[in-house]
Amino acid sequence: MTSTKQSPLLYVLLCVGSGCASADGFDDVEEASTEAVTAASSGELGPLIPMHKDAVHAGFFWDPLGKPKILFWMRPSEYRGTDLADPEPDPIGELRAEFSQVVYGGFRFSATLERSVLSRIKDDIARENTQVFDISHPDAFKNNGKYDVRQLNEADFDLNAAAFSDRGSSAGLNYNLFCAGNTTLPDGRWLIVGGHDKSGNQGIRKLNIFDPLTATWVYRTMPPVKAAYAADPDIEFPALHPSALDERNTDPPAASDMRYQRWYPTAVTLPDGKVLILSGSDQDSSVGPDLAPATKERKVVPEIYDPATDTTIALENARKLLPMYPRSFVVQTGRGKDDWKVAVVAEVKPPLPTDLRPYDPYLYSGKTHLLDVRAALADRLRDQPGERHWRLVDTADAAHDSGASVAMFELDKRGQPVAQRIALFGGDAGEGEDSDAVEMIDFAERHPQWRRQENLIRPATQNNAVALPNGKVLIVGGRGGPEGGPRVNTLEYQLFHPDSGKIETVAETKVPRHDHSTLLVAPDGSVYSAGGNRVDLAPEDDTLGVPVLQVYKPDYLFQGSRPVIERAPEEISYGSTFEVELDSPCRNTSSVVALRTDPVTHNWSWGNRYVKLSFDKNSRCKLKVYAPATGASAPGGNYLLFALDDRGVPSEAKRVRVGK
């Protein structure tokens, strides 16, 4: 990065009570010394990096040369900005009403989401709404040292524009992946479950796949509405366009489809390589924008996607009314490869829906169940409606809907879990006051129970959390408040210590991150905070907001030299051992950790998990590491492998593929 100065806001906070008149009150030497001490104890939050589109969904993939890149998108992901916006009017362009009428079937543009396609960075409007960020590009992190989105201009965005490229329609994407579920398959491909059809709560049946080896989307039939628009992008002949209110024209049937249309579903990669699909909503868009909300319904039937056949199976026998994007985690329940279930947090509280009140408002409890997926699949009554194969484990104090979460596992030398901790941060119960509760449960215990930890610094929903290589958890963003009252942004970066349950503040930003924000651990051990709707990043004047990324460097990056992994395998098999060789000379190694790298959206970590591995020392710089025994502790896919020294300082990660 071109700037190493501390955030002016954070620097002022550090000076409170010390008699500092301003952030310029010290000379350069004293300021540099103060910043170095602060970084060593709390880390450092860097300047703003232009992102060129909103990173509503985001995650890492690796190209054929092994270079890490970030795939991300916003709504509508299958179009470029100029398809629905005219960039010419100042200050940010304006949306094209004819696009709403023809492509959205008269459903209205969102004042938040489609409006975020508009931008005072006019060149970016023309980009596709699905992008790839090449973090290895020499221009990737160029910046002018600014910390306030209102100060960024076109010159700032020109600095790193070459590091971004289109990966939407030009790469074969034909569907709107906004509000879809995301996960990665064991072979590294991304599976995108459901999505968005014209307006909120309207789902699709499609299962889209991104292939990192080709950086393209697996073919899915182009919807007639999109095909007609491609042939007539200026909409000169609207009468010749197929009706978008006929869902066969926006979500045409395909053999790979789910049985149910879904918006806001959860996707969970399972130990056997299949994917569990839960919840989501839909409404009948064929009746038009005024009547569609009355048809809204929550999907109660799980489905299982099999990548070997590119088809799904519905589990009609395992119905349950859950929140949208239910927080769900594979946990190990025995020592065998088939001894696993899926823990699902929260369910809808009575009164349950009726024909007279089919949908909202729903309230949620913290009831936590285990779903026996294998038993549900083997059930000879699988196609008969029922609510079987769920077992109640415990009830959390809060439902944690729309709250952040992490999964943290620790394995012994047999590759078996000695800890399977799930932590939840804030959220809400569907209605009412937002929560500041932090709770944790360990599924390695004989009788797992939720336990309260120290609260967040204030109530918050729509926050994000990631487990760091050192086993601590970084919590970023969110907003919250009392029912019907003002909602306050959380600008502080909070660090959760799982062993003590304590929380501390380590940094503060000027950029509000809540709805549609994302958080990723990078291969170098830093953390990327991005996303949020463009219009929300400068709330006092939404024309000033621009999409940006901010890099937080934890304190372990300021402790001097770092371990270097000289050699590690590219693939790790279950139940095996493997060697990790560190560059010599090396310090004593304290831990070896694998972090799963699933994509993130809507404050939900999508299978990202921290897995601490046991190891022996063959020599000071050569480690014998014990792989997970089964996929229940580490479902197949891409992981970042870190080695940490006796100071808790991690190496840069090696990407490894876990599975088989």
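## The disulfide

The torsion about the S-S bond of Cys-586 and Cys-621 is about -115°, and the disulfide is therefore left-handed. Cys-586 sits in the loop between strand E37 (577-582) and strand E38 (589-596), while Cys-621 sits in the loop between strand E41 (615-619) and strand E42 (622-626), so the pair ties together parts that are 35 residues apart in sequence. The model described here is a predicted one, and the structure holds 1 disulfide. In this disulfide, which joins Cys-586 to Cys-621, the S to S distance is 2.1 Å, and both Cys-586 and Cys-621 are buried.

## Two nonpolar cores

The largest nonpolar core has 57 residues, and those with the most contacts inside it are Phe-133, Phe-425 and Leu-474. Strand E27 (residues 473-476) gives this core its largest share, which is 4 residues. Apart from it lies another core, of 54 residues, and among its members are Ile-235, Ala-244, Val-348 and Trp-450.

## The hairpin of E26 and E27

Strand E27 pairs with strand E26 in the antiparallel sense over 4 bridges, and in this pairing Ala-467 stands opposite Val-473 in E27. The hairpin that the two strands form has 5 residues between the strands, and Gly-471 takes a positive phi near 85° in this hairpin. Within E26, Asn-464 and Val-466 point one way and Ala-465 and Ala-467 the other way, yet all of them are buried.

Asn-464, which is found in strand E26 (residues 464-467), has a relative accessible area of 4%; since buried means under 20%, Asn-464 counts as buried. A polar contact of 2.8 Å joins the side chain of Asn-464 to that of Ser-517. When neighbours within four places in sequence are left aside, the contacts of Asn-464 include Leu-474, Ile-475 and Val-476, as well as Ser-517, Thr-518 and Leu-519. Ala-404, Val-600 and Asn-603 are also among the residues in contact with Asn-464.

## A sheet of four strands

An open sheet of 4 strands has the order E8-E9-E10-E11, with antiparallel pairing. Strand E8 (181-184) and strand E11 (216-217) stand at the edges, where each has a single partner strand, so one side of each is left without a neighbour in the sheet. In general, strands of a sheet pair through backbone hydrogen bonds, either parallel or antiparallel. Here E8 and strand E9 (residues 190-193) run antiparallel and are joined by 4 bridges, with Gly-181 standing opposite Val-193 in E9. Cys-179, at 1% relative accessibility, counts as buried.

## The two sides of helix H7

Helix H7 (residues 224-231) has Val-225, Lys-226, Ala-228 and Tyr-229 as its buried residues. Seen down the axis of H7, these buried residues fall within an arc of 160°, so they line one face of the helix. On the other side of H7, Ala-230 and Ala-231 are exposed. What covers the buried residues of H7 includes helix H3 (81-84) and helix H4 (97-102).

## Two loop residues

Glu-316 lies in the loop between strand E17 (311-314) and strand E18 (327-332), and with a relative accessible area of 4% Glu-316 is buried. The side chains of Glu-316 and Arg-319 are joined by a polar contact of 2.6 Å. Not counting residues up to four places away in sequence, Glu-316 touches Arg-259, Tyr-260, Val-301, Arg-382, Asp-383, Gln-384, Pro-385 and Gly-386.

Ala-126, by contrast, is partly exposed, with a relative accessible area of 33%, and its place is in the loop between helix H5 (122-125) and strand E6 (130-134). Not counting residues up to four places away in sequence, Ala-126 touches Arg-80 and Thr-82. Ala-126 and Tyr-79 are 47 residues apart along the chain, and their C-alpha atoms are separated by 9.8 Å.

Conventions:
Residues are numbered from 1 along each chain as its sequence is written. This is a predicted model: local features need pLDDT of at least 70, side-chain atom pairs count only at pLDDT 80 or more; totals for chains, interfaces and linings use all residues. Side-chain values use heavy atoms; hydrogens and water are left out. A nonpolar core is a set of buried Ala, Val, Leu, Ile, Met, Phe, Trp, Tyr and Cys residues joined through side-chain atoms within 4.5 Å. Buried means under 20% relative accessible area, exposed over 50%, partly exposed in between (1.4 Å probe, protein chains only). A polar contact is a pair of N or O atoms within 3.5 Å; within protein, one must be able to donate a hydrogen and the other to accept it, and residues adjacent in sequence count only if both atoms are side-chain atoms. Contact means heavy atoms within 4.5 Å. A disulfide is a pair of cysteine sulfur atoms within 2.5 Å. Two strands pair if DSSP finds at least two bridges between them. The arc is that of the directions from the helix axis to the C-beta atoms.
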